[in-house]
Amino acid sequence: MPDIPGASRVEISRDEVAHLADLARIDLSDAELDALAPQLSVILESIASISEVAADDIPPTSHALPLTNVFREDVVVPCLTAEQALSGAPAKEQQRFAVPRILGDEQ
Amino acid sequence: MSDALVPYDEALAAFDPAMGLEVHIELNTVTKMFCGCPTEFGAEPNTQTCPTCLGLPGSMPVVNGKAVESAIRIGLALNCDIASWCRFARKNYFYPDMPKNFQTSQYDEPIAFDGYTDVLVDTADGSEVFRVEIERAHMEEDTGKSLHVGGSTGRIQGADYSLVDYNRAGIPLIEIVTRPIMGAREKAPAVAKAYVAHLRELILGLGVSDVRMEQGSLRCDVNLSLAPIGTGELGTRTETKNVNSLRSVERAARYEISRQAAILGSGGSILQETRHWQEVSGVTLSGREKSDADDYRYFPEPDLVPVAPSEEWVRSLKDTLPEPPRVRRDRLQKEWGFSDLEMRDTIGADALGLVEETIAAGASPQAARKWWLSELARRANEQDVDIASLPITPAQVARIQALIDEGGINDKLARQVFDGVLAGEGTPDEVVAARGLAIVSDEGALSAAVDAAIAANPDVAGKIREGKVAAAGALIGAVMKDMRGQADAGRVRELILEKLA
C-alpha cells in the first residue's frame, strides 16, 4: 500500500479500545480486548482507504443528501401522556423515571 | 471541610484573575428544539415529552426554525459573524438527564462566532465600559431535571437514587462563550456580574427568552484561573456551576479568587475541576475532576441536515434588531429626566426594566424609582434575593403609587401595603381593604383627634398660638399616632394651624 499519511496506516491500540469501551459502558475482558483491537484496526484501515481516493479538494461528507435548512414551524403538536412516557421505564416514582444513583456530574 | 482563603486584596496583590463565562439561555419558543412538545415552565413531570425527546428508537428530530432565527439574532446582537453553513453534532455522554445518551449540540461549527459586547461596570469612581469578547454562541438542547432522593439535601452528593423529569429535555438552548476576560484585576467579579446583567438586558430586548435566573432560563458557569501578576499567562482553571443569581456570579468569582490564591500562595497547584456554588454558605465545593475522560466523541448529527442561513435572511434579521442596551439607557434617562447618579443607582440595583414597566403601568418616573430603589431594593437585600424575584409586579407598584396619588393612602401606609403584597396577602387594593389601611378622610373624626391633641398638649398649643409654627410637628405626631398613621399629615397640619390661629 502507498504510504499516505493519515490514511492507510491507521491502528487502534489495545489501550484505546479499552478507553472507548469504558466510555461506551461496555465491559470487555482482557481476552476480548486482545481480540478486538486488531479487528478494529482492520476496519479502520478499510475505511481509511477511502481517503486515498478522495483528494484534498473533496470535503469530508457527513450527509449524503444535498439538503440544508429543513425547519419546523414553532407549533405545538400533541405529546405523550406521562403514563405513556413512563410505560417503558424499568422503575418510576412520583411520575418520574427512577434511575440508579448518579455518581458523575451534570453536564 | 472548608477551604483556606486569603483576603481578596492580598490575592489581587499577587495574582491576575482570568475568567471565561459560559451562559446558557433557554429560548422562549413554544416548542422544543427538535420536536413539537410544549416548553411551558412548571408543568407536571413528564407531561411534555414525545418519542423524539425521549430518544426512543426510530424517532427523528426536525429543527425548530424559530430557534435558529433567535440564535442568529442573539449572535448579531453580540456583534458576531454568522456561519453561512454549519452543522449540529452529537455530544456523547452517559448521564440520565439526556435519555438519548447524547446531547444534540454544535461542536466546531457554531452558528455565531467572533463577537464582542461592551458592558457598563460599576466602579468606585463612576462607571466604566469594559469590552467582553465573545468566542461563540451555539445552539443545543436542554437536559432533563434530576431530583436526587435520599442522602441529605436533594443534592447529588450522597443521593441514593435519582428521579428524572424530561419536560425540560430538548428545550432550545443558546450557549454563549466568552474569550478569556483578562486585565479586569480587582473588578473581575464585578465585570462577571455586569456581563451577565448586560446579557440579560440584551436578550430581554430581543424578546427571545424570559432570561429568569431563578427559573433557570439563564444559567452561568464561571471559569476562573489565576496567574502570577504581570505574566499574562493563563493558569489552571476551575469551572463553577450552579450560579443562579447575579449576586452569586460576583460572589462565586470573588470566592474562587481568594481560594485559588490561598492554594497557589502556599506552593500548591489548582486542580482542574468542576465546582458547585453553594448559595447559602457562599462557598464553592469540589465536584468532578476534569480529565481526559471528558471525551464526548463529537460527530456530525446525521439525522439533521446542515443549517445554511442565506445572506438575505441574516441581513433582514440584522435590520430588525432592537436598540442596543446602551442606546436604550440613554433614551430612557432622557425620557425620565434622571440624573446620571439616579440612572446609575437604578442600573446598579438591577431595576431598570422594573422601573420602566412601573412607569409604563402609570407611575411617574420619580415615584417608580423611589419605591424600587428604596423600599424594594432594601427588602431584596435583606432577604438576599435578586430584586426581580420579589413577589411584587411593576403594575402593583404603580397601583400603590396611584393609591397615594388618589389620597387613599400615604407613604407610611404604602410601606404596609408593600409588606402585605410581598407577604402574599393579595393585590394592593386587597391589602388596603384587609388591613384597613385607608386614610381617614372623615373631617369630623380628624377634627376631633386634633382637638384631643391640642387639649392634651396645652404647652405646645400655646407656642403655636404665639406664632411658633414649627412646634406643630409635635401635635401632628400626636394626631397621627392617635389615627394609627391613617391620616393625611398635610390636612392635619392645616387643621391644627386653623384651630390655633
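Me: Hi! How many Å separate the centres of domain 1 of chain B and domain 3 of chain B?
Reply: Taken over C-alpha atoms, those two centres are 62 Å apart. This is a predicted model, where local features need pLDDT of at least 70, side-chain atom pairs count only at pLDDT 80 or more, and totals for chains, interfaces and linings use all residues. Residues are numbered from 1 along each chain as its sequence is written, while chains are lettered from A and ligands numbered from 1 in the order in which they are written.

Me: Where are the domains of chain B?
Reply: Domain 1 covers 8–317, domain 2 covers 323–426 and domain 3 covers 443–499. Those bounds come from an automatic or database domain assignment.

Me: Switching to chain A, what pattern does it follow along the sequence?
Reply: Chain A reads α-α-β-α-β-β, with three helices and three strands. Helices (H or I, at least four residues) and strands (E, at least two) are DSSP runs, numbered from the N terminus.

Me: How much of chain A counts as buried?
Reply: Of its 107 residues, 7% do. Buried means that 20 or more other C-beta atoms lie within 10 Å of the residue's own, exposed means 12 or fewer, and partly exposed is in between, with C-beta atoms placed from the backbone.

Me: How many residues of chain A are in contact with chain B?
Reply: 36 residues of chain A are in contact with 49 residues of chain B. Contact here means that the C-beta atoms of two residues, placed from the backbone, lie within 7 Å.

Me: Which element of chain A gives the most to that side?
Reply: That is β3(A), with five residues.

Me: What kinds of residues are on that side of chain A?
Reply: They divide into 18 nonpolar, nine polar and nine charged. Ala, Val, Leu, Ile, Met, Phe, Trp, Tyr, Cys and Pro count as nonpolar, Asp, Glu, Lys and Arg as charged, and the others, Gly among them, as polar.

Me: Which strand of chain B does β3(A) pair with over four bridges?
Reply: β3(A) pairs with β9(B), in the antiparallel sense. Two strands pair if DSSP finds at least two bridges between them. Within this pairing, Phe97(A) has Val164(B) as its bridge partner.

Me: What is the strand order in the open sheet of four strands?
Reply: The order is β2(A)-β3(A)-β9(B)-β8(B), with antiparallel pairing. At its edges are β2 (92–93) of chain A and β8 (145–149) of chain B, each pairing on one side only. Five bridges link β8(B) and β9(B), and His148(B) stands opposite Ser162(B).

Me: What about the open sheet of three strands in chain B, what is its order?
Reply: That sheet runs β5-β4-β15, also with antiparallel pairing.

Me: Why is one side of β5 and of β15 left without a neighbour in the sheet?
Reply: β5 (102–105) and β15 (299–300) of chain B stand at the edges and each has a single partner strand, so one side of each has no neighbour there. In the pairing of β4(B) with β15(B), which has two bridges, Arg90(B) stands opposite Phe299(B).

Me: How many residues does the hairpin between β6(B) and β7(B) pass through?
Reply: Two residues. Eleven bridges join these antiparallel strands, and Tyr116(B) stands opposite Glu133(B) in β7(B).

Me: Last one: why does Arg219(B) count as partly exposed?
Reply: Because Arg219(B) has 19 C-beta neighbours inside 10 Å. Arg219(B) is in strand β11 of chain B, and its C-alpha is 5.1 Å from that of His24(B), although they are 195 residues apart in sequence.
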